[in-house]
Amino acid sequence: METTVTTTPAVLILLGPPGAGKGTQARLLEQEFGLVQLSTGDLLRAAVAEGTEAGKQAKAVMEAGKLVSDDIVIAILRDRVAQADCARGVILDGFPRTTVQAEALDTMLAETGQSVNAAISLAVEDDAMVQRISGRFTCAKCGEGYHDTFKPPKTPGVCDKCGSTEMTRRADDNAETVASRLAAYHEQTEPLIAYYDARGVLRTVDAMQGIDKVADEMDGIVRDVMK
Ligand code: ADP
Ligand code: ADP
Ligand code: ZN
C-alpha cells in the first residue's frame, strides 16, 4: 500500500485531563513522525524558572492548580509555533485548554492556510489521575517521563534514555492541587471535545489502557491523518 507524505505541516492536538498521558504519547509521536512536541505546561515552567514577566504571573496560578490566563498562554504558544523547527508539524500537548484558546489557535493557523488536522482525546477516569500524577517524575536532563509504578526506569534512579541520575517531581503534582486541576479540566477544557467534534477532527482513545496499547492506537490515528 502506498502512502503519500503531506505537504502542509500537520497540527495535532492532544486533549485530556492532567495525567492522562499527553506528554508521554506526544514524546513517542515526536520520535516516530518527526513532529515537534509543544507543551504549554513545559513552556510555562521554563518561564517560571527564568523569572520572566509571564513566568512571575503564572507561578502562583500553576501552584494553585488553576489555568494561566489565555493572553499569557496564547502569546507563549504563538512565539514558539513561529520558530523554524515547527515547520514540519506540531503536536500540541496541553493547548488549547479553553474555548478562547481554541479560537485563537484557529485564527493563528488560518493566517498561514493551516488548520487542526486532528484533536485526539485521551479518555481516562478521574480516579486514575491521582495515582498517575502522584507517581510521576521526569529526567531533569532529557525530559523523559517516568512513573513509580507504571513506568519505572530499568535501573532505579537512572534515566533509560540519557543515563542521568537527576530526576525531578513537579511542584503541582500533589494531592491538594489534583482536585482543582481536574475541576479546571472539566469546566474549561472538556467543552473542547464538542468543539473539535463539530469540526469533524475529533478522535478518541481509551487512555485507561497501558502506555504501549495507547501508543499503538495513537500511531494508527496519526498515520491515517498524515496520509
Ligand atoms: P498536565 O500535564 O498535568 O496536564 P501541564 O504541564 O500541561 O499539566 O500544565 C501544568 C499547569 O500549567 C496547568 O495546571 C496550568 O496552570 C498551566 N497551563 C498549561 N497549559 C495551559 C494552557 N493551555 N492554558 C492555561 N494554563 C495552562
Ligand atoms: P499528562 O501529560 O497528560 O499530564 P503524562 O504523560 O505526564 O500525562 O503521564 C502522567 C503519568 O502517568 C506519568 O508518570 C506517566 O509515566 C504515567 N502514564 C502515562 N500514560 C500511562 C498509561 N497509559 N498507563 C499508566 N501510566 C501512564
Ligand atoms: Zn534522561
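A backbone N or O atom of Gly-21 lies 2.9 Å from an oxygen atom of ligand 2, a polar contact being a pair of N or O atoms within 3.5 Å. This is a predicted model, in which local features need pLDDT of at least 70 and side-chain atom pairs count only at pLDDT 80 or more, while totals for chains, interfaces and linings use all residues. Residues are numbered from 1 along each chain as its sequence is written, chains are lettered from A and ligands numbered from 1 in the order of writing, and side-chain values use heavy atoms, without hydrogens and water.

Two further contacts reach oxygen atoms of ligand 2: a polar side-chain atom of Thr-24 at 2.6 Å, and a backbone N or O atom of Tyr-146 at 2.7 Å. Taken alone, ligand 2 exposes 560 Å², of which the protein buries 91% (accessible areas come from the Shrake-Rupley method with a 1.4 Å probe). Around ligand 2 stand 18 residues, each with a heavy atom within 4 Å of the ligand. Helix α1 gives the largest share of this shell, 3 residues; helices (H or I) are DSSP runs of at least four residues, numbered from the N terminus.

The surroundings of ligand 1 comprise 20 residues, the closest being Thr-40, Lys-66, Gly-94, Gln-101 and Arg-181. A polar side-chain atom of Thr-40 lies 2.8 Å from a nitrogen atom of ligand 1. Oxygen atoms of ligand 1 are approached by the side chains of Lys-22, at 2.9 Å, and Arg-136, at 3.0 Å. Of the 560 Å² that ligand 1 exposes when taken alone, the protein buries 96%. Helix α2 (residues 40–50) supplies the largest share of the shell around ligand 1, 4 residues.

Terms used:
A polar contact is a pair of N or O atoms within 3.5 Å; within protein, one must be able to donate a hydrogen and the other to accept it, and residues adjacent in sequence count only if both atoms are side-chain atoms. Helices (H or I, at least four residues) and strands (E, at least two) are DSSP runs, numbered from the N terminus.
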